[in-house]
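Dear colleague,

Please find below the structure that I am handing over to you. My notes on it follow directly after it.

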Amino acid sequence: MRCAHRDDTAKPGPLRPLFRSRRRTSLAFPGRAGKGRRRRSACYPAAVPDLDAAARREVERTRRLFNRAAPLFLLIERWLEPQYRTALAALELPPEFSALDLGTGTGSLAKILAERGHTVTGIDVAERLLRRAARRVPAARFRRMDLADLAGVPDGAFDLVSVGYVLHGLSRELRRLTLEHAARIAAHALLIFDYAAPGPWYVRLVEHFEGPHYPGFVRAPIEDALAGLGLTLARTVPISPASACWLFAREDCTF
Ligand SMILES: C[S@@+](CC[C@H](N)C(=O)[O-])C[C@H]1O[C@@H](n2cnc3c(N)ncnc32)[C@H](O)[C@@H]1O
């Protein structure tokens, strides 16, 4: 892969605090250290707005729901990890890419990224899932953080931002905010796994319990959600009739 503004000489630095979140100042992330870190430039979208109080309450409901659902992740991991492994093998992303995994849950996508040599940081709002992620994927770092608080992460802080089966569960407002931040934080590419079309009845039933956003998400093409964020669709890897993996890249990157 080649990107005009990719610094191929910059190696990932040691795991050390790179920045502090403005909202939750105890959080610190690794990423690409020193000279490899990107600064705001014309290709990043402008500063993004915050969420309203109702949307924040929905995030708290989501946190409680996923903490309660933690035992189900034993099954979810067995379903998702083969998908993640197959798609990442097909994409062959540069292993030196640092990755920020949004809504990491029990770290399934973080685990496969780490297996492929990436330096990975996972964030999630559900602390019970994060404890399991830390036990399962000791090579990655995990932090409790709401997607709505990504404003504390600098532009281009990670080469790759990934998000696995999270977007369909978010309100339109939080989904757009998350994608705006993801496009700003990713120096090179954004990797999305999610539903691509309405699934069978049991998937629709499970998603009904998660919240009201799944039907609207699966009806709209994913490219619409990314419109205007400075990323273009580079690759699509079909996973099943109802799911896919999409790799979006900065316009000057070729895969
Ligand atoms: C269906 S799970 C997917 C988990 C993981 N990506 C995987 O592939 O196994 C959705 C995840 O998104 C997280 N999530 C939802 N809303 C969030 C928010 N506002 N901030 C952070 N994490 C959130 C949930 O806690 C949950 O872990």
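Helices (H or I, at least four residues) and strands (E, at least two) are taken as DSSP runs and numbered from the N terminus. On that basis, the chain has eight helices and nine strands. This is a predicted model, in which local features need pLDDT of at least 70 and side-chain atom pairs count only at pLDDT 80 or more, while totals for chains, interfaces and linings use all residues. Residues are numbered from 1 along each chain as its sequence is written.

A residue is called buried if 20 or more other C-beta atoms lie within 10 Å of its own, exposed if 12 or fewer, and partly exposed in between, with C-beta atoms placed from the backbone. Of the 255 residues of the chain, 42% are buried. Two residues are in contact if their C-beta atoms, placed from the backbone, lie within 7 Å. Among contacts between residues at least 6 apart in sequence, 70% join residues at least 24 apart.

A nonpolar core is a set of buried Ala, Val, Leu, Ile, Met, Phe, Trp, Tyr and Cys residues joined through C-beta atoms within 7 Å. The largest one has 61 residues, and V161, A186 and L190 have the most contacts inside it. Strand β6 (residues 186-195) gives the most to this core, with seven residues. Leaving aside neighbours within four places in sequence, A186 is in contact with F158, L160 and V161. Strand β6 also holds H188, which is buried because 25 other C-beta atoms lie within 10 Å. H188 and V161 are 27 residues apart in sequence, and their C-alpha atoms are 8.6 Å apart.

Two further regions may be of interest to you. Helix α6 (residues 201-210) is hardly covered, with one buried residue among its 10; G211 follows α6 and has a positive phi, near 155 degrees. P71 lies in the loop between α1 and α2 and is exposed, because 9 other C-beta atoms lie within 10 Å.

Yours sincerely
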